[in-house]
Amino acid sequence: MHKVANYLMLASVFSSLLLFASANAYFNVTYLNTTAILYQNTSAHVIESFTVFMSNSSIAQYNQDRRAINLTLSEWQHALSTSLLMEHIINPRGSVHDVTFLPGPIGYTNNYGGTAIITLDYWVNNVTTVQNIAPREFEYTFNDSVLNFQHTSSGEQLPTGARFNIIIPKGTDAISVYPSPDFPNPSFTGNYTGHELFSWFESEPLNKFTFSYIQQQSMEAEVVAYFNGIYYGYTLEIYAVLAVVVIALGIYAYTKLK
């Protein structure tokens with residue numbers, strides 16, 4: 001009887017350990033890094049990296065899901081039990097495009113589990129608006145409606161363990177930035193001239209986000225843009241004139257040969 005009781009006790013303990021291991025089999029997105037690279041055509045190339053922690057009992061499941069290359073983003077959200085795995089820069093008037101999703105290998109494992117980095121790469125249109133404010137001078141304004149971070153009662157906010165970065169084109173100068181970025185610090189005159197990378201760290205309120213920068217256009221670029229505008233604005237007319245010229249030359253050559 002004692003042996004039976006001991007076996008039953010051991011079985012109970014073993015079952016409890018299995019239940020404990022199962023209960024601790026989980027995934028957790030511990031860090032989010034979102035970078036929006038802005039372009040002159042008002043689009044943005046967005047690169048997001050998600051650092052995922054997983055328990056030992058979840059490593060095999062992650063590797064199995066990673067080998068299943070046809071899993072969609074929503075299926076990965078379900079597999080990792082997280083709503084954070086999503087596009088955080090969106091186009092309210094259209095969808096993102098050229099999306100690349102890459103679940104990375106497990107970086108390290110130990111007695112407590114392992115980590116992996118998942119990369120989401122895509123393009124978004126109409127991230128900025130542009131207006132000509134002076135001869136050869138253009139102001140680009142970031143469209144805050146594209147932000148898709150944590151929604152709180154007070155508005156948009158970076159979640160805990162998140163970083164948001166904006167990279168502006170070379171040769172441009174930021175003129176209006178709110179809230180003040182955590183990087184870089186403004187110069188002693190209070191401006192950010194010469195900086196291309198701007199970063200905001202976790203829990204930063206973004207409900208009144210403002211970001212704009214100035215780009216000076218060279219004389220050469222202005223001339224090219226002018227003639228491009230003429231070309232695209234009068235394409236049919238230009239082709240018609242060319243056709244008339246070709247026909248006239250053909251008639252002239254024909255009469256000379258006669």
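Two strands are taken as paired if DSSP finds at least two bridges between them. Helices (H or I, at least four residues) and strands (E, at least two) are DSSP runs, numbered from the N terminus. The structure is a predicted model, in which local features need pLDDT of at least 70 and side-chain atom pairs count only at pLDDT 80 or more, whereas totals for chains, interfaces and linings use all residues. Residues are numbered from 1 along each chain as its sequence is written, and side-chain values use heavy atoms, with hydrogens and water left out.

The protein contains five helices and twelve strands. Of its 258 residues, 31% are buried (under 20% relative accessible area, with exposed meaning over 50% and partly exposed in between; 1.4 Å probe, protein chains only). Among contacts (heavy atoms within 4.5 Å) with a separation of 6 or more, 66% come from residues 24 or more positions apart.

Four strands make up an open sheet in the order β5-β6-β12-β10, with antiparallel pairing. Its edge strands, each pairing on one side only, are β5 (128-134) and β10 (172-178). From one strand to the next, the twist averages 20 degrees. Six bridges join β10 to β12 (residues 210-216) in the antiparallel sense; A174 has Y213 in β12 as its bridge partner.

P205 lies in the loop between β11 (197-200) and β12. Its relative accessible area is 40%, so P205 is classed as partly exposed. When residues up to four places away in sequence are not counted, P205 touches E156, Q157 and P179. P179 is 26 residues from P205 along the chain, and the two C-alpha atoms are separated by 7.8 Å.

Helix α2 (residues 56-67) packs with helix α3 (residues 73-80) at an angle of about 175 degrees, the axes being 11 Å apart. Axes are lines fitted to C-alpha atoms, for helices over the stretch in contact, and angles run from 0 to 180 degrees between N-to-C directions. The two helices α2 and α3 are therefore roughly antiparallel (angles over 145 degrees; under 35 is roughly parallel, 65 to 115 roughly perpendicular and the rest oblique). In the contact, Y62, D65 and R66 of α2 meet W76, A79 and L80 of α3. By class, this contact of α2 with α3 comprises four nonpolar, no polar and two charged residues. Here Ala, Val, Leu, Ile, Met, Phe, Trp, Tyr, Cys and Pro count as nonpolar, Asp, Glu, Lys and Arg as charged, and the others, Gly among them, as polar.

The structure holds 15 aromatic pairs. Rings of Phe, Tyr and Trp (its six-membered ring) pair if their centres lie within 6.5 Å; planes under 30 degrees apart count as stacked, over 60 as edge-to-face and the rest as tilted. Y39 and W123 form a tilted pair, at 5.4 Å centre to centre and 35 degrees between the planes. This pair links distant parts of the chain, 84 residues apart: Y39 is in the loop between β1 (27-38) and β2 (44-54), and W123 is in strand β4 (residues 113-124). Y39 is partly exposed at 34% relative accessibility, and W123 is partly exposed at 25%. The pair of Y192 and F198 is edge-to-face because the ring centres are 5.7 Å apart and the planes stand at 75 degrees. Y192 is buried, with a relative accessible area of 8%, and F198 is buried at 0% relative accessibility. Y192 and F198 belong to one aromatic cluster that also includes Y140, F142, F149, F164, W200, F209, F211 and Y213.
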